[in-house]
Amino acid sequence: MTSIDNAPEFIEATLDLPVRYLDRSRAYYLSLGYDNPYRWACHQDSPFAPLRKPLRECRVALVTTAAPYNPEAGEQGPRAPYNARAKFTNVYTMPVEPAPDLRISHVGYDRKHTSAEDINTYLPLARMKEAAVAGRVGQLNPRLYGVPTLRSQRLTNERDAPEILSLCRQEGIDAAVLVAT
Amino acid sequence: MSLVARHLEANGIPTVVMGCARDIVEHCGVARFLFSDFPLGNSCGKPHDVEMQRATLGMALDLLESASAPRTTVQTPFRWAPEAAWKRDFYRLDLTPEQIARAREEFDTQKATLKEKLDAG
């Protein structure tokens with residue numbers, strides 16, 4: 001076996017394991033010659049808040065890392081190359097009606113095997129509206145919340161997460177669905 | 001996104017995270033996680049497969065109600081493709097020197113763009 005056959009990506013494909021992005025991204029950036037790979041957040045504990053009432057009575061907020069389409073920020077369509085210009089730098093809120101045009105060209109999704117051509121793969125807004133109509137959830141919050149992806153855990157922890165919490169409190173949110181991209 | 005979920009949980013608001021990077025979310029540690037073993041970008045199901053998207057969100061909502069302890073991960077039953085070959089291709093490690101040079105240039109440009117945006121507020 002050559003060394004490439006032993007590479008993690010081959011083992012993951014051969015054994016059909018979930019991709020280990022922690023290892024993969026670390027090895028990738030080291031292979032490019034960068035010597036300070038990103039250190040992902042790691043916690044031993046994990047806080048847990050139980051649902052306080054039936055979901056059919058809850059007001060549920062949708063939280064996304066997708067970015068509002070910005071005509072001045074270059075290519076953001078399906079399979080657009082990674083586009084840092086399309087990033088947003090502060091928490092935003094948008095009405096869920098009419099459905100906002102949110103894109104993911106500013107994050108590292110798999111551009112070879114998927115396309116971001118269907119917003120419903122990364123923003124379950126249409127499906128949430130159906131769930132609300134069906135009575136599965138009490139109410140979809142009329143505004144969704146956007147969280148920036150800035151490779152800064154300090155900004156996320158100290159600025160953005162408290163802002164999302166504050167919005168949730170103001171708007172009487174009982175539970176939140178957060179979609180990572 | 002996992003950090004935001006943790007902050008909400010710590011302050012009494014239950015959450016469910018939907019995602020495709022199992023190790024990253026579990027490393028961070030969240031209360032409830034619905035994992036789709038799909039290429040990044042498909043946390044809510046396959047493109048144009050409304051039934052799968054509906055079922056995926058349904059599982060996330062079920063998890064909100066059913067989890068009794070933190071770090072509860074549920075994996076959807078769906079497969080991206082009959083073969084798992086797609087798992088080789090993200091962040092490929094077998095790049096040629098020319099590809100490495102291009103990737104570095106691209107990364108440095110994007111990083112500078114992000115820094116400009118952050119500096120501008």
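Colleague: A residue is buried if 20 or more other C-beta atoms lie within 10 Å of its own. With that settled, what percentage of the 181 residues of chain A count as buried?

Modeller: In this predicted model, 37% of the 181 residues of chain A count as buried.

Colleague: How many helices and strands does the secondary structure of chain A come to?

Modeller: Chain A has four helices and seven strands. Read from the N terminus, its elements follow the order α-α-β-β-β-β-α-β-β-α-β.

Colleague: And what box do the C-alpha atoms of chain A fill?

Modeller: Along the principal axes, the C-alpha atoms of chain A occupy a box of roughly 60 × 40 × 35 Å. Among contacts in chain A with a separation of 6 or more, 69% are between residues 24 or more positions apart.

Colleague: Into which domains is chain A divided?

Modeller: Domain 1 of chain A covers residues 1–40, and domain 2 covers 55–179. The C-alpha centres of these two domains of chain A lie 29 Å apart.

Colleague: Which domains does chain B have?

Modeller: Chain B is divided into domain 1, residues 2–83, and domain 2, residues 91–121. For chain B, the C-alpha centres of domain 1 and domain 2 are 29 Å apart.

Colleague: Back to chain A, please. Why is strand E1 of chain A largely enclosed?

Modeller: Strand E1(A) spans residues 59–64, and five of its six residues are buried, so the rest of the structure largely encloses it.

Colleague: Which way does E1(A) run relative to E7(A), parallel or antiparallel?

Modeller: E1(A) and E7(A) run parallel, joined by five bridges. Within this pairing, Ala61(A) has Ala176(A) of E7(A) as its bridge partner. E1(A) also runs parallel to strand E5(A), residues 139–140, with two bridges between them. There, Arg59(A) is the bridge partner of Gln139(A).

Colleague: How many bridges pair E1(A) with strand E6 of chain A?

Modeller: Two bridges pair E1(A) with E6(A), residues 143–146, again in the parallel sense. Thr64(A) stands opposite Gly146(A) of E6(A).

Colleague: Let us turn to the two chains together. How many bridges join E7(A) to strand E1 of chain B?

Modeller: Four bridges join E7(A) to E1(B), residues 15–19, and these strands run parallel. In this pair, Leu178(A) faces Val17(B) of E1(B).

Colleague: How many residues does the contact take from each chain?

Modeller: Chain A gives 78 residues to the contact and chain B gives 72. On the side of chain A that touches chain B, the elements giving two or more residues are H1 (8–15), H2 (21–31), H3, H4 (153–170) and E7 (175–179).

Colleague: Which of them gives the most?

Modeller: H4(A) does, with nine residues. By class, that side of chain A has 45 nonpolar, 17 polar and 16 charged residues.

Colleague: At what angle do H3 of chain A and H3 of chain B pack?

Modeller: H3(A), residues 125–133, and H3(B), residues 50–66, pack at about 65°, with their axes 10 Å apart. The crossing of H3(A) over H3(B) is right-handed.

Colleague: Which residues make the contact?

Modeller: From H3(A) they are Arg127(A), Met128(A), Glu130(A) and Ala131(A), and from H3(B) they are Gln53(B), Arg54(B), Leu57(B) and Leu61(B). These residues comprise four nonpolar, one polar and three charged.

Conventions
Residues numbered from 1 in each chain as written. Chains lettered and ligands numbered in written order. Predicted model: local features only at pLDDT ≥ 70, side-chain atom pairs only at ≥ 80, totals over all residues. Axes fitted to C-alpha atoms, helices over the stretch in contact; angles between N-to-C directions. Left-handed = near helix turned anticlockwise from the far one by under 90°. Contact = placed C-beta atoms within 7 Å. Nonpolar A, V, L, I, M, F, W, Y, C, P; charged D, E, K, R; others polar. Pairing = 2+ DSSP bridges. Domains from an automatic or database assignment. Buried ≥ 20, exposed ≤ 12 C-beta atoms within 10 Å, placed from the backbone.
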